[in-house]
Amino acid sequence: MSRDRGTPNRTPSRGDGVNRRSGVRRSEHRSSPRAARTGVIERPRRAPDGRRPVASKTVSLRRRAFNLITDWRFFTLLGLSLTGGLTALSIAFIFKMPAVPNCPSVFWPLASASLRLHCAQLAASKETVPDLLEAIDLLNTLGKDHPLYKESSRLIEDWSAQILDLAEQDFQAGKIKSAIAGARQIPQDSAAAKLVDDRIKRWEKIWSKAQKIYNQAGEVLKKANLQDAQVFAARLLSIDNEYWQTTKYDQLNKLILSTRKDITRLGKAERALKRSVVDDIVASLQEISGILKQSFVHKDAQVLIPKLGRRLMDLAEAALDRRDYSTALDIANRIPGNVNLGKEVDDFRWIAQAQSKAWAGGGLNLEDAIADAEKIKPGRPSYDKAQRLIGRWQVEIRELARLDQAKKLAQAGDLQNAIAQAAQLSQSNQAAQDFLRETTGQVQDKQDRPILDQAEQSAIYGDAASLESAIAQAKKIGPDRSLYREARNRIKMWSGQLQGLRDQAAAQQAVIADTSTAADVQPVVTPESVELPTEVAAPSPEEAALRNERATLEQARNIASAGTPDALMQAIGMVQTVPDASPVRSNVLAAIDQWSQQMVQSAQYQAEFDVPGAIAIVQRVPPGTSGYADAQAFLARWRTSIGQ
């Protein structure tokens, strides 16, 4: 019977008891009110979409889990898995090799001797001095009674000898400090330690000898003695050290070659400095600027570089003094920066630009020049020069107004007041001095031209008295007068003609005297002589004239031998008195042609420093001579050069 309702028990039906699919008893479901009244348990209703409720799925999963853990097959499979895993793990542990010890992380106070030996051998296998020393330190702690002591002692001896060999290798490679330091760390109780002191002494001796040879080579290189340097370099080959025989020997040879090239560059630069050719100086600057600091002539190059730069600066200033603005600026622009003249070059450009404007003259140009010069501020290298130029140009601006006033007076015909006005201007004012010289010359020409014309009129007659009168008139023109040079030329010419007349008269007197003496001499008549007395005939007039003409030519040649333009002109004037029909006329013409050529040559020399003087010389070359055409060509050229 049912405990609740007193009804007899029934055999559970398919729907009663445990639900096989859900694993939950039907009584566990919540009963509906109808089931409570009728005693009939209702099935859970499905959802409208046909799916079971969520609670039913959860119960099913739990049922399956329970069935699994209560199944004997599950436990059998689990036992076999655990047994197999443990077996595999055991086999792995059995066949696994012991791990190599990590020597850097070993705590050495507790390490075994075998571990020390193993780690020491590992360190020594690296074959470096620090590692070998580390290996020795690891084995030095073993006592004499230790079973591995003999083996460790043998290894320490081997490693000590190896350290000494490595030190020798360092020495041969040029690392003497490293070699000595490594050798001194060899254990004192080893057999190799007994060799350390002797080995170090040998190293130091070899090194000192090689260093001395190298230094001697450097000293002779400083003196440009390349041959001796090569001899010292050859001595390095006998040094018992590979580093000095190879590396240092090659280094010294390269140094000798580079020094030879550098010395050649310096010699070329010094010659360029003396010649003062811009292109050569610029090229030399580029070459010696490439001399390295390691070169023995580097200091000499550094001394020469500023000199070359200064010479370029001087050449630029010289071009500017010649008023060659483009050349001056071109030279300044070619001065490199390593000569330390950057500020001076910048100032020079401003000054050159200012001066080029001032050369044009005029108030506006001078004001522009002042504006450019004022851009050079205090503290600059050319500040003082700029200030001097500014002061001069300011004075020129003020004087321009006074000069214009003087020119107006001269145009009005008041030359005396114009001269007085221009004379008050500074002598550095070239325009004022030119005006003053020109105006003064005009006044003096008006005053002295009548005197010179009167002298020329007197000299037309050609006799001695007329020539003396002309000379006296021309001497009235003093040295400070504009016609003085012309008057002196006339005086020299007339003096030559006068001297020719006097010489001719003296020659004629000499001929007459010789004739008179010959006529007075009578032959001695002896009684034995049957011949009549011999009479000496007087020379004919033609013969006397010929003698005089030859004497005149000879005297003219003596005068012309002085080679001065005045002497040549005097000689030409003297022989011009020889008649065209004279037998010596051909000799006279040849002499005149020669002397005219000498005058042209003299004028060419004079033109190098005195163009007006050269013009005065060629003006005196007589027409019809061989030098007249050249004289006229030079005359036109020189007049153009001075603006006449």
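**Helix packing and confidence in a predicted model**

Me: What pLDDT does the protein average?
Reply: The protein averages a pLDDT (the predictor's confidence in each residue, from 0 to 100) of 77, and 77% of the residues score at least 70. This is a predicted model, in which local features need pLDDT of at least 70 and side-chain atom pairs count only at pLDDT 80 or more, while totals for chains, interfaces and linings use all residues. Residues are numbered from 1 along each chain as its sequence is written, and side-chain values use heavy atoms, leaving out hydrogens and water.

Me: Where is confidence lowest, and where highest?
Reply: Confidence is lowest in helix α1 (residues 33–38), at a mean of 41, and highest in helix α13 (residues 325–333), at 93. Over residues 1–50 pLDDT stays under 50, and it also stays under 50 over residues 518–538. Where pLDDT is low, the predicted coordinates should not be read in detail.

Me: How many helices and strands are there?
Reply: The protein has 25 helices and zero strands; these are DSSP runs numbered from the N terminus, with helices being H or I of at least four residues and strands E of at least two.

Me: How do α14 and α16 cross?
Reply: The axes of α14 (residues 342–359) and α16 (residues 383–411) come within 11 Å and cross at roughly 15°. Axes are lines fitted to C-alpha atoms, for helices over the stretch in contact, and angles run from 0 to 180 degrees between N-to-C directions. The angle therefore makes α14 roughly parallel to α16 (under 35 degrees is roughly parallel, over 145 roughly antiparallel, 65 to 115 roughly perpendicular, the rest oblique).

Me: Which residues make that contact?
Reply: I351, A354, Q355 and A358 of α14 and K385, L389, R392 and W393 of α16 make the contact (heavy atoms within 4.5 Å).

Me: And how do α15 and α16 cross?
Reply: The axes of α15 (residues 363–373) and α16 come within 10 Å and cross at roughly 160°, which means that α15 is roughly antiparallel to α16. In this pair, G363, L366, E367, A369, I370 and A373 of α15 meet A386, I390, W393, Q394, E396, I397 and L400 of α16.

Me: Changing topic, is α24 mostly covered or uncovered?
Reply: Helix α24 (residues 611–618) is mostly covered, with seven of its eight residues buried (under 20% relative accessible area; exposed is over 50%, partly exposed in between, with a 1.4 Å probe and protein chains only). The buried residues are V611, G613, A614, I615, A616, I617 and V618.

Me: What percentage of the 644 residues counts as buried?
Reply: Of the 644 residues of the protein, 34% count as buried.
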